[in-house]
Amino acid sequence: STENVNLEFKTTQVRADGDCLFHSLAIILRARGISTSAAQLRQNIAHHGLVSSEQHLDQVYSKPKARLLWLDMANKGVWDSAAGDQIVSIASQNILKPIIVISRNREQKLQALLIDGHSHADELPSNVDRNPVVLFRSTNHFEPVYKINRDSWKKVVDLMKKEDKVIYTLM
């Protein structure tokens with residue numbers, strides 16, 4: 001039996017100024033009553049990335065280069081696409097929520113990418129919230145998704161986890 005899952009959503013436009021990911025996260029978090037700003041999130045996420053750069057990016061970059069990348073990411077308007085997915089993963093760890101990134105594949109079908117910064121943790125921090133943050137990504141731009149059916153999106157996360165899928169084609 002197929003459950004009725006409502007995956008309709010709307011996005012809010014944000015400026016394409018190199019800070020769109022952070023603006024998007026700030027908009028969603030503020031709507032959930034968490035006081036923050038894009039600048040604050042950028043600083044926190046860049047710092048988190050710097051601290052964990054010992055484990056991250058070292059397959060792609062040398063440690064000194066990874067350090068420089070994260071130090072650079074602390075600067076307003078700086079976006080390095082090489083660190084793009086890594087930044088979303090670090091953001092997920094930092095805000096203690098899984099992030100679903102919706103985009104269109106080559107066939108223009110919607111697909112959801114689950115980025116859960118805590119997916120490899122042996123034990124989840126007690127304050128991790130399983131209610132996902134949903135973002136829409138076009139080529140090199142993020143926008144916050146709102147007006148979603150939270151229960152439906154939680155079902156998508158549960159389904160992806162159950163089937164051990166990171167990418168899911170929605171329609």
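Guide: Start with one term. A residue counts as buried when its relative accessible area is under 20%, and as exposed when that area is over 50%. Keep in mind that this is a predicted model.

Visitor: Why is Ile 99 called buried?

Guide: The relative accessible area of Ile 99 is 0%. The cut-off for buried is under 20%. Therefore Ile 99 counts as buried.

Visitor: Where is Ile 99 found, and what is it in contact with?

Guide: Ile 99 is found in strand β2, residues 99–104. Leaving aside neighbours within four places in sequence, the contacts of Ile 99 include Leu 25, Val 88, Ala 91, Leu 113, Ile 115, Val 133 and Leu 135. Val 157 is 58 residues from Ile 99 in sequence, and 9.4 Å from Ile 99 in space, C-alpha to C-alpha.

Visitor: What makes Gln 108 buried or exposed?

Guide: Gln 108 has a relative accessible area of 53%. Exposed means over 50%. So Gln 108 counts as exposed. Gln 108 sits in the loop between β2 and β3.

Visitor: How many helices and strands does the protein have?

Guide: The protein has 5 helices and 6 strands. From the N terminus, their order is β-α-α-α-α-β-β-β-β-α-β. Of the 171 residues, 46% count as buried.

Visitor: How do you know that α1 is roughly perpendicular to α2?

Guide: Helix α1 (residues 20–31) and helix α2 (residues 38–51) pack at about 110°, with axes 8 Å apart. Angles from 65 to 115 degrees count as roughly perpendicular. So α1 is roughly perpendicular to α2. Their crossing is right-handed.

Visitor: Which residues meet there?

Guide: From α1 come Phe 22, His 23, Leu 25, Ala 26 and Leu 29. From α2 come Ala 38, Leu 41, Arg 42 and Ile 45. By class, this contact of α1 with α2 has 7 nonpolar, 1 polar and 1 charged residues.

Visitor: Why is α2 called roughly antiparallel to α3?

Guide: α2 and α3 pack at an angle of about 170°, and their axes are 8 Å apart. Angles over 145 degrees count as roughly antiparallel. Therefore α2 is roughly antiparallel to α3. Arg 42, Ile 45, Ala 46, Gly 49 and Leu 50 of α2 make the contact with Arg 67, Trp 70, Leu 71 and Met 73 of α3. By class, the contact of α2 with α3 has 6 nonpolar, 1 polar and 2 charged residues.

Visitor: What puts the buried residues of α3 on the same side?

Guide: The buried residues of α3 (residues 63–73) are Ala 66, Leu 69, Trp 70 and Met 73. They cover an arc of only 90° around the axis, so they lie on the same side of α3. An α-helix has 3.6 residues a turn, so residues three or four places apart point the same way. On the other side of α3, Pro 64 and Leu 68 are exposed.

How values were computed:
Residues are numbered from 1 along each chain as its sequence is written. This is a predicted model: local features need pLDDT of at least 70, side-chain atom pairs count only at pLDDT 80 or more; totals for chains, interfaces and linings use all residues. Side-chain values use heavy atoms; hydrogens and water are left out. Axes are lines fitted to C-alpha atoms, for helices over the stretch in contact, and angles run from 0 to 180 degrees between N-to-C directions. Helices (H or I, at least four residues) and strands (E, at least two) are DSSP runs, numbered from the N terminus. Angles under 35 degrees count as roughly parallel, over 145 as roughly antiparallel, 65 to 115 as roughly perpendicular and the rest as oblique. A crossing is left-handed if the near helix is turned anticlockwise from the far one by less than a right angle, and right-handed if clockwise. Contact means heavy atoms within 4.5 Å. Ala, Val, Leu, Ile, Met, Phe, Trp, Tyr, Cys and Pro count as nonpolar, Asp, Glu, Lys and Arg as charged, and the others, Gly among them, as polar. Buried means under 20% relative accessible area, exposed over 50%, partly exposed in between (1.4 Å probe, protein chains only). The arc is that of the directions from the helix axis to the C-beta atoms.
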